[in-house]
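I set down here what I looked up in the structure shown below, entry by entry.

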Amino acid sequence: MSTNLVLTIALPLLGAFLLPVLMRSSVAIALWSGPAILIYGCWILAELWLSGFTQPVSIAIGGFAPPLGINLYVDSLALLFAFAVQLLGLIFWPFTLDRESARRQSLMLLLVAASSGLALSGDLFNLYVFYELAAVATFGLASASGSSAAYVATLRYLILSGIGSVLTLFGIALIYSQTGTLNLAHLAQLAPQQLNNGLGLAAFLTILIGIGVKAELFPVNTWVPEIYATASTRLSAFLAGLLSKLALLIILRLLLLIFHQPEAAQVILILGILGVISGELAAWRAKEMKRMLAFSSIGQLGMIFIAMSLPDGKGMVAVIALALHHLVVKSGLFMLAEDWGGAIQRLRGSAKASPLGAALFVLFSLSLVGMPPLPGFWAKFVLITELAGQVEPLYLLGLAVFLLATVVEASYLFRVAAILYGNPAEETLGEEIPKSQGLALLSASLFGAGLVATALLIAPVGESLQAIAAQALDIDLYIGTVSPVISGGSQ
Amino acid sequence: MTSAVTPELILYITAIGLITIGLAGVVMSSHLFRMVLALVIAEAGANLMLVLAGYRWDAVAPILTSLAEPAAMVDPVPQALVLTAIVIGVGIQALAVSILIRIHQRYATLDRREAAERMDAEIAATLGVPRDISQEEPLGERPLPPLPADRANMRGDSP
């Protein structure tokens, strides 16, 4: 049963390379094969989840046992994100049919395969390879819109991402020269003796900055507003909603399993605070919907980094809750922005033209700000309680920044809401008011329904999140699952 | 003191030096193609670092020639990793160059600042909003009034 899990990576990968060939023989089959692969992936993961998944499993690829071979590690957290990858891949599938659609669809399958790999893999170098694969697919999709600005934005993203991959590779080389292994479970065993020093910290910092390019970490996120403004809204939603969370997941795993130094958490805290400040202030200044969402997502990810830096895994529940909440809300907001691009002022009076879209926008905004009955409130509440319990002044600074950022967030989101519900200005009456409609509105309503359902079922959802967090925090469980043989002694 | 300059030390310094040169090149060069080249240099440094991670001077290549007890061998894992990293790097460089060609076709320039400037202008035009920040028109006023051309290089001399 669990070997089926490999198919969630292998099938999209296979499909990605076969799709252009299939397209030549039969367009109909080719067009449906992509969604079919993703639906099958969803089904595999959902079946595993529903058939009483409690204990994590480790799958050795090709029959080589973990310290030497590559393994997939599947716990509830990884399973949740792997499912989100397949589902969001399906929702954001590039359905548009034109001359480029074969290329776009195979790149999308490649992105899904790499993202699944990022969620599941248990080997450091394997993670690097999937990370690069996701990056290449992103470059292709981002430049697919074909405008000149998109090419420049993609190249700038490519260079920044290239710097990130050089730094990651350097960090991996440092870790390997010190320990001689790249398996995460094996590293977790060796780390307390061999990586608890300056070299380990240096390796963590280089990997943090390297992977942080995708996670929209503070100093390396200049690509965010450019790419989100030029790429298609569906790609932006996938990148902001999901890929950033997967990069976050890798950093989280490394921090939990390998790097226990307090300095590592402190660096993350400082970068997170800076990310919140810069992102939210830039979002407040933005005059255009997509850019506002892009900057706001930098701020939101900064908040998740603040949660991640809490000592002893106290922020684990908050990290998962905030990440999932941001995944749903930001994807929904980006889908709404698909028809509402352009200056925000232009949207005056759109609530009359598309009442459902405006209502959804208000719902997402309220949850993002943290109004009590909605899930966003609970996610933020958990983080605030944990932050307030810390004595170190830096965490209290984080708390203050977090609360101020919420005020700023409310200010710019409700400004847009007020414009949506305002009366159209006299001089623009003749122009057509942009309407949110069709597939985009449908996807956005799907996310809205998910949000409302979570708000209604908040108690069971909270309990299962706590169970997921407890399982992800259990390092001994990780080591024991991956390599029962070597878990007793050293190597 | 026994710390003579070993070949290993030289190679480690070379690796870190290449990465530094590459990163500095990316930050400082004003031409997009040079930025890509600088990235290639930095990648070479990272790859060299990875090879060094498993290299031993007193060992042979990790190939089994006979079934007898083999001599000490170099760690083959980093070499396999470096092969993968090189292939990935070459793929990304090719992609970068192809995008560069497209940019040159559209904008007829590969100057970093000019390309960024035109990209910002184009984004602002498609979105229908005024630009946030322009590199050519600063937000504030001029710090000093302009001087006549014949006195331009005398600033600071007069009291």
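**Entry 1: a helix pair in chain A**

I began with the residues through which two helices of chain A touch. In α1(A), A:Thr8, A:Ile9, A:Pro12, A:Leu13, A:Gly15, A:Ala16, A:Leu19, A:Pro20 and A:Met23 meet A:Ala102, A:Gln105, A:Ser106, A:Leu109, A:Leu110, A:Val112, A:Ala113, A:Ser116, A:Gly117 and A:Leu120 of α4(A). I counted two residues as in contact if their C-beta atoms, placed from the backbone, lie within 7 Å. By class, this contact of α1(A) with α4(A) has 13 nonpolar, six polar and no charged residues. Here Ala, Val, Leu, Ile, Met, Phe, Trp, Tyr, Cys and Pro count as nonpolar, Asp, Glu, Lys and Arg as charged, and the others, Gly among them, as polar.

I then looked up the geometry: the axes of α1 (residues 7–25) and α4 (residues 101–120) of chain A come within 8 Å and cross at roughly 170°. α1(A) is therefore roughly antiparallel to α4(A), a label for angles over 145 degrees. Axes are lines fitted to C-alpha atoms, for helices over the stretch in contact, and angles run from 0 to 180 degrees between N-to-C directions.

I note the conventions. The model is predicted: local features need pLDDT of at least 70 and side-chain atom pairs count only at pLDDT 80 or more, while totals for chains, interfaces and linings use all residues. Residues are numbered from 1 along each chain as its sequence is written, and chains are lettered from A and ligands numbered from 1 in the order in which they are written.

**Entry 2: chain A overall**

I found 20 helices and two strands in chain A; these are DSSP runs numbered from the N terminus, helices being H or I of at least four residues and strands E of at least two. Of its 491 residues, 56% count as buried, meaning that 20 or more other C-beta atoms lie within 10 Å of the residue's own, with C-beta atoms placed from the backbone.

**Entry 3: helix α15 of chain A**

I checked α15 (residues 355–369) of chain A, whose 15 residues reach 21 Å from first C-alpha to last, close to the 21 Å expected at 1.5 Å a residue. The expected span is 1.5 Å times one less than the number of residues. Among its buried residues are A:Phe361 and A:Phe364. The buried residues of α15(A) pack against α13, α14, α16, α17 and α18 of chain A. Just after α15(A), A:Gly370 takes a positive phi of about 110°.

**Entry 4: chain B and the interface**

I counted four helices and zero strands in chain B, and buried residues make up 23% of its 159 residues.

How many residues of chain A are in contact with chain B? I found 33, in contact with 37 residues of chain B. α6(A) gives the most to the side of chain A that touches chain B, with 17 residues.

B:Tyr107 touches A:Ser148, B:Ala115 and B:Arg118, not counting residues up to four places away in sequence. With 19 other C-beta atoms within 10 Å, B:Tyr107 is partly exposed, the class between buried and exposed, where exposed means 12 or fewer.

Conventions: Angles under 35 degrees count as roughly parallel, over 145 as roughly antiparallel, 65 to 115 as roughly perpendicular and the rest as oblique.
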